[in-house]
Amino acid sequence: MAFQFAANLDDLSPDEPYAATINSEQIALYLVDGQVYATHNVCTHQFALLSDGYLEDGCIECPLHQGKFDVRTGAAMCAPVTTAVKTYQVQVEDGAVMVDL
Amino acid sequence: METILIIGAGQAGGRAAETLRAHGFDGKVYLIGDEQHRPYERPTLSKTVLTAADDTECFSAWLHSSEFYGTNNIDWLADRVEHLDVARRVATLESGRNISFDKCLFTTGGRARHLPNLPDSRRVSTLRTLADAMSIRDCMASARSVAVVGGGFLGLEFAASARARGIDVTVVESGERLLGRALPPEFSERLRVKHEQNGVKFMLSASLISSMEQDSGVTLSFADNASQHFDFVVVAVGQEPNDELAKESGLETGNGILVNAHCESSVEGIYAAGDCANFPFGADERRLRLESWQNAQEQAIVAARNMLGECVEYRPSPWFWTDQYDWNVQMLGMLDGSIDRWIERKTSEDKSLLMGLRDSIIVYALAVNSGGDLRAIRRLVEQSIGIDPAALADPSVKLRQIERNALS
């Protein structure tokens with residue numbers, strides 16, 4: 001239940017998800033309206049990295065079939081994804097993005 | 001109480017029923033389908049359904065839970081409409097039941113086309129339904145060789161799945177190249193090479209004359225007197241739209257049920273959507289029938305909304321995907337003679353974005369493992385927005401930046 005370092009805040013940009021692997025867990029980080037969110041990086045529909053997808057209005061679209069997840073809650077927003085993706089708590093300390101695995 | 005009848009309980013029919021309720025329709029909804037299953041999506045039938053290890057867990061692409069229809073008061077019936085009296089608004093079902101309706105939506109989809117010299121049998125099958133896929137799965141369990149007749153998207157996906165299971169595959173295609181109308185020639189070639197690298201054998205420009213089935217398998221004979229033996233055969237030579245009932249009922253048909261941009265047929269109050277619907281497309285309003293997940297999804301939603309009094313136009317930017325081996329290939333827009341230049345952003349053999357432009361507008365794009373990039377240019381394609389070709393060709397310029405510049 002400890003927060004682990006995932007990235008420097010400076011590495012994140014509003015359009016582009018950032019992929020990080022922490023203890024072999026694949027995480028995607030998103031910068032939305034100045035806040036950082038984190039989800040598991042693997043789509044729940046078929047194997048694809050959400051960090052390769054399209055981020056807009058707080059939703060990440062999977063690059064494979066464009067199913068959408070809300071990055072804040074992990075909720076599946078549109079077909080063909082129906083199962084929510086796991087989210088993680090994030091804290092930003094001194095420019096470091098920390099994720100609670 | 002108003003009654004809406006939906007004929008065909010596939011993806012389009014199921015999505016339409018859901019949309020009616022989501023938009024507040026509280027009249028009667030009948031959803032009639034001739035498959036034994038509740039509405040489901042077909043894309044996985046040629047992929048994970050065939051390759052998954054477990055028979056009981058190989059399929060899960062249901063549109064809704066089984067409780068959904070009861071909970072939402074949708075009368076889903078496993079039955080078939082035999083006759084439709086359009087004037088009196090009464091449907092007669094195969095079971096003998098009569099249903100009176102106010103509005104009707106045809107989502108009858110299509111059926112797999114058969115070749116006259118290759119009828120269905122124990123070892124020869126088409127692939128359209130979940131039942132077909134499970135039966136093919138059964139054949140695959142003990143097969144060492146298979147012939148796929150038809151090198152289109154479905155045939156190629158099946159070939160990739162068969163190779164994943166270690167089965168020898170031969171693709172028999174009558175055309176000179178794969179997907180002659182759907183793919184740019186260079187990509188057609190790349191795709192063939194990808195399959196050959198995975199052990200698939202191709203017979204292009206093939207003339208299949210006859211087939212003979214014995215206990216041990218199927219022998220296919222070709223025009224040059226050659227013949228080959230396979231454990232089983234899958235026929236994937238396209239789809240016929242199920243527009244016969246509509247035609248008999250007096251609706252205008254012709255490569256599907258003719259509808260306008262609002263999905264309404266030639267008869268007022270009767271609509272069509274999905275694989276069976278032929279609609280006006282593009283600036284020149286040419287007639288088109290699309291066979292894709294996106295079309296079944298989105299056209300059904302538009303039709304349902306219009307049946308409830310909205311006035312939404314169906315103006316899609318066709319989007320299609322195919323998954324073969326480790327390639328996710330997506331296509332956006334239409335491949336036609338208007339393309340005057342091609343630009344490619346190629347990261348590797350397995351990751352690229354090919355774009356066809358007309359007057360600095362991207363009209364067609366083909367992405368290999370680059371769905372995120374395709375999505376970044378999607379609005380530019382959908383809205384025919386001009387871009388700077390030099391920037392597009394420059395790999396150091398991010399597509400999201402190009403998108404932002406073009407939209408501002």
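Author: The model itself is predicted.

Reader: How do you know that domain 1 of chain B touches domain 2 of chain B, and how many residues does the contact take?

Author: Two residues count as touching when their C-beta atoms lie within 7 Å. By that test, eleven residues from domain 1 of chain B and 14 residues from domain 2 of chain B take part. On the domain 1 side, helix α2 (residues 48-51) of chain B gives the most, with three residues. Sorted by class, that side of domain 1 has five nonpolar, three polar and three charged residues.

Reader: How does the reach of α1(B) compare with what is expected at 1.5 Å a residue?

Author: α1(B), residues 11-22, reaches 16 Å from its first C-alpha to its last, close to the 16 Å expected.

Reader: And helix α5 of chain B: why does its span agree with 1.5 Å a residue?

Author: The twelve residues of α5(B), 153-164, should span 16 Å, and the end C-alpha atoms are 17 Å apart, so the two agree.

Reader: Is α5(B) mostly covered or mostly open?

Author: Mostly covered, with ten of its twelve residues buried. Those include Phe153(B), Leu156(B), Glu157(B) and Phe158(B). Gly166(B) follows the helix, and its phi is positive, near 75°.

Reader: Now the sheet with β4, β5 and β6 of chain B. What is the order of its strands, and how do they pair?

Author: This open sheet runs β4-β5-β6 in chain B, with antiparallel pairing.

Reader: Why do β4 and β6 of chain B stand at the edges?

Author: Each of them, β4 (81-85) and β6 (98-100), has a single partner strand, so one side of each has no neighbour in the sheet. From one strand to the next, the twist averages 20°.

Reader: How do you know that β4(B) and β5(B) pair?

Author: Pairing takes at least two bridges. β4(B) and β5(B) have four, so they qualify. One example is Leu84(B), whose bridge partner in β5(B) is Ala91(B). Four residues sit between these two strands in their hairpin, where Arg89(B) takes a positive phi near 60°.

Reader: How many bridges join β5(B) to β6(B)?

Author: Three, which also clears the cut-off of at least two. Here Val90(B) stands opposite Ser100(B) in β6(B).

Reader: Last one: how many residues does the contact take from chain B and from chain A?

Author: Nine come from chain B and eleven from chain A. Helix α9 (residues 371-382) of chain B supplies the largest share of the chain B side, four residues. By class, the chain B side has two nonpolar, four polar and three charged residues.

Conventions
Residues numbered from 1 in each chain as written. Chains lettered and ligands numbered in written order. Predicted model: local features only at pLDDT ≥ 70, side-chain atom pairs only at ≥ 80, totals over all residues. Expected span 1.5 Å × (residues − 1). Buried ≥ 20, exposed ≤ 12 C-beta atoms within 10 Å, placed from the backbone. Axes fitted to C-alpha atoms, helices over the stretch in contact; angles between N-to-C directions. Nonpolar A, V, L, I, M, F, W, Y, C, P; charged D, E, K, R; others polar.
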